[in-house]
Amino acid sequence: MTTPHNFIREKTANIVPSMRWDGKEDFSVWQNRAKGKLNCLLGLPFQKCDDKFYVEYKEEFDNFTETRFVFQSEEGFFVPCHFWQPKDLSGLSPSLRHGLSPRLSPRLRPLVICLQGHTSGMHISMGRHKYPGDDNFPSIIGSDVAVRAIKEGCCALIIEQRCFGELGGTEKGPNCGESSMAALLIGRTIMGERVWDVQRALDAAERHFEFDKEKIICIGNSTGGATTFFASCLDPRIRYSVPSCYFCSFDDCIGAMHHCVCNYIPNIRLFFDMGDLAGLITPRPLIITAGKDDDIFPYNGVQKAFKEALRMYEGAGATDRIKLVTGDGGHWFYADPAWEALNFYLAER
């Protein structure tokens, strides 16, 4: 006798996403329709409000300045963040120095939005371990994204995601269950809330800090990769998207095995598979990173999704703007090859 899970998997496998681009509709028309549907599925948009931005402290380090700030994302909900600003051009690679926007001052650097996966909070992105168990998270390798951003000559915007760290998490990790389920009761999703916070954090950063607005990058591993991907789908200000250890056919990852409830978006598989949604990012560069031995986002599912994503980029005439970076390991961020690919695109005028 089949199990309930296997029964659903068999039904899902026979569903062709109803909003998959058919190759006949004008691609830009499809993008507008698909963006509207994805916003709806995520429960977005919310009501914009005054950001009530305030700085908690500012600290000087050898090669960057750190500003800790808090802003209001929704009326009554505040998000803690850090902004790291490099002090000079000494760490800037020659290729990136060449690629700085000619209309802007050389002191305006690319910005990296840093998003954590299921760890104890955003401090991991800054290479800081607050709790004894911080070294034990499976996705910890390569997760000090802000540290690497400074080394690459970029600014870093570090955002605490909802249910992580200071926003409801614990030293043992995120606490997503109750918030995710409660959000569904009123037509929201925790993923939509996280995407909204990224968009509003970027609004605040644009108002209060200096960086190259033509070179905004978003990087995240695991759940951070999920937020990276969906934020990139919906916000064209993110010019370079680097989702890690998340991009995979829904049937092979969150539809196939246990995952945190924060990953689930009601009805999304009826309309899209993940590769279809890459069409909302094209022609902007999309660097998908994956581990061959990732057992929760299996590589065969990554390849399936990438094949469909490549078709979407072909539809936009932008096959040179998408790349799959594969690491010989598990569920972590492969920083060196990912940055090699990213610097190639950043160096373009």
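Q: Hi! Where is the place of Gly279?
A: Gly279 is in the loop between α9 (274-277) and β8 (286-291). Helices (H or I, at least four residues) and strands (E, at least two) are DSSP runs, numbered from the N terminus. This is a predicted model, where local features need pLDDT of at least 70 and side-chain atom pairs count only at pLDDT 80 or more, while totals for chains, interfaces and linings use all residues. Residues are numbered from 1 along each chain as its sequence is written, and side-chain values use heavy atoms, leaving out hydrogens and water.

Q: Thanks! Why does Gly279 count as buried?
A: Because its relative accessibility is 0%; buried means under 20% relative accessible area, exposed over 50%, and partly exposed in between (1.4 Å probe, protein chains only).

Q: And what is Gly279 in contact with, leaving aside its neighbours within four places in sequence?
A: Phe27, Trp30, Gln31 and Met312, where contact means heavy atoms within 4.5 Å. Also, the C-alpha atoms of Gly279 and Ala309 are separated by 6.7 Å, though these residues are 30 apart along the chain.

Q: New topic: how many disulfides are there?
A: The count comes to 0, with a disulfide taken as a pair of cysteine sulfur atoms within 2.5 Å.

Q: What about Cys248?
A: Cys248 is in no disulfide either, as its nearest cysteine sulfur, that of Cys253, is 4.1 Å away.

Q: Is Cys248 buried or exposed?
A: Cys248 is buried, with a relative accessible area of 0%.
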